[in-house]
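Have a look at it below, then read on.

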Amino acid sequence: MNIEHFIAKRIAFSGSKSFTRVIVRIAIAAIAISMTVMILTTAIISGFKKEITNKIFGFWGHIHITDSNVNRNFEVTPIPINEAFYDSIRTIQSVTYQETPGFFQQILNREPRLKTTYGGVKGTYPFIILPGVLNTKSDFHGVLLKGVDEKYDWSQLNQFIVDGNAISYQDSMSDELLLSKNIADKLHLKTDDKVVLNFIKDQDQIKKRFTICGIYNTGLEEYDRRFGIVDISKLQDILKWPKNEAQGMEVILEDVRDLDIYSDYIYYEIVPQNYYVESIRAKFPSIFEWLKLQDINETIILQLMVLVAIINMITVLLILILERTQMIGILKSLGMHNGRIRKIFLWNAGYIIFFGLIAGNIIGLGLAWFQKHFKFIKLDEANYYLDTAPIDIQFGTVILINLATLVITILFLTLPTLIITRITPVKALRFE
């Protein structure tokens, strides 16, 4: 029998109504609150990164292939969309690459190892982006029209359509326009309204009539206040381009974790030198940098919550030791060593932490579940890109937080138990 564990169990589950019992309950509550905050923090921040990333990639795809002059002038430069190398890109199922050793691996003289991408290429779609001015009877608004063809993957964009439908390609050239809610509200437009768009081509003004087929809202103001989506044939007609030319090709990947690998692979191994390949992460760095800042916030909050748990448990453990001074004296007089007595109180503290973690997990996961299904925490969409706090529960992360909190707290609790070595049986039993 493990005598230390047995004694700790009897102490922890004793029916004492002393002041210490109240302190223990407060300690359990404090650990539960800390764990609740940590679970909600990781779930919300993970949700932010997932939802906003999905919105950006859903609107833009993952990789853009354009003419290499695209960054050196403001003209819309066409590229052919029937090149043979596009078939090579579409058929990519996986890529094997060398992973460069990181900082610690270099110290350990680790050799580079071969890795395989998580997935392949899902599809490639041509696009054109053309500026224009949207006119109504009473107002006007500058827009950037993104043209896509009938094969475009609408699975991501469909979730952002709040009214109407996506563009219909029943005719050879659709006159439909998918407009953002931001622009529609400013111009007092709704689905099925007719609008006129003005374009400048070779210093000539071109007017085209469109019908609003639907209204979308991504929550990303940078896009919502500027972009509309139309049939690419309409823009090809305005630019006088043939059907086999577009401004660029949008590459959709099966797994976003392969973004940087495929961006480099396509650029260096597949496309000719006169083409430019750019990942959306590199094209719109500001939002992704903002998302990286959330990792710092998450780390700070987790560290603070663990620190609160440690300070709380050190206080409680000292109270437990002082209350059981006479028991310590008796055990020492019976020949028990300091180390074994310290284990008794560490076991006792372990029980308190365990019940606190259980309560914290129930409360934290429960609140996360309610938020995910009922969305009771609202946000300012203009500042946070989302109208409610998103939830993405990573159970592996939750388990890791529990184990880390338990282990780190127990390790720090070995320090206050050193006070046991200063308690002598004579002084402890003097007033017994």
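**Salt bridges, a pocket and a patch**

At 45% relative accessibility, Asp 87 counts as partly exposed (buried is under 20% relative accessible area, exposed over 50%, partly exposed in between, with a 1.4 Å probe and protein chains only). Keep in mind that this is a predicted model, where local features need pLDDT of at least 70, side-chain atom pairs count only at pLDDT 80 or more, and totals for chains, interfaces and linings use all residues. Residues are numbered from 1 along each chain as its sequence is written, and side-chain values use heavy atoms, with hydrogens and water left out.

**Salt bridges**

- Searching the whole structure turns up twelve salt bridges (a salt bridge being a side-chain nitrogen of Lys or Arg within 4 Å of a carboxyl oxygen of Asp or Glu).
- One of them joins the side chains of Asp 87 and Arg 90, at 2.7 Å from N to O.
- Both partners sit in helix α3 (residues 84-90), three residues apart, which puts about one helical turn between Arg 90 and Asp 87. Helices (H or I, at least four residues) and strands (E, at least two) are DSSP runs, numbered from the N terminus.
- Arg 90 is partly exposed as well, with 33% relative accessibility.
- Lys 181 and Asp 185 make another salt bridge through their side chains, at 2.9 Å from N to O.
- That pair belongs to helix α5 (residues 181-187), where Lys 181 and Asp 185 are four residues apart, or about one turn of the helix.
- Lys 181 is partly exposed at 36% relative accessibility, and Asp 185 is partly exposed at 44%.
- Arg 281 is partly exposed at 30% relative accessibility, and Asp 260 is partly exposed at 42%.

**The second largest pocket**

- The second largest pocket has a volume of about 730 Å³. On a 1 Å grid over the protein atoms alone, a pocket is an open set of points where a 1.4 Å probe fits, with protein on both sides within 12 Å along at least five of seven lines, and lining residues have an atom within 4 Å of a point. Grid points are joined across faces, edges and corners, and the volume is the space filled by probe spheres set on the points.
- Its lining has 26 residues, and Thr 53, Asn 54, Phe 57, His 62 and Val 256 are the ones nearest the centre of the second largest pocket.
- Which elements give two or more residues to that lining? They are α2 (19-60), β13 (248-253) and α10 (285-323).
- The largest share comes from α10, with six residues.
- By class, the lining splits into eight nonpolar, seven polar and eleven charged residues (Ala, Val, Leu, Ile, Met, Phe, Trp, Tyr, Cys and Pro count as nonpolar, Asp, Glu, Lys and Arg as charged, and the others, Gly among them, as polar).

**A nonpolar surface patch**

- A nonpolar patch on the surface has about 1,100 Å² of accessible area together, and its members include Phe 354, Ile 358, Leu 367, Trp 369 and Ile 377.
- Patches are made of residues with over 30% relative accessible area and no salt bridge, with like charges joined within 9 Å and nonpolar side chains (Val, Leu, Ile, Met, Phe, Trp, Tyr) within 5 Å. Accessible areas come from the Shrake-Rupley method with a 1.4 Å probe, and for residues only the protein chains shown count as cover.
- Trp 369 is in helix α12 (residues 338-374) and is partly exposed, with a relative accessible area of 43%.

**Loops and a helix position**

- Asp 192 has a phi near 80°, a positive value in a residue other than glycine.
- Asp 192 is in the loop between α5 and β9 (194-201), and counts as exposed at 57% relative accessibility.
- Lys 240 also has a positive phi, near 65°, and is not a glycine.
- The loop between α7 (232-239) and β12 (245-246) holds Lys 240, which is exposed at 64% relative accessible area.
- Ile 44 is in helix α2 and is partly exposed at 21%.
- The C-alpha atoms of Ile 44 and Leu 220 are 18 Å apart, and the two residues are 176 residues apart along the chain.
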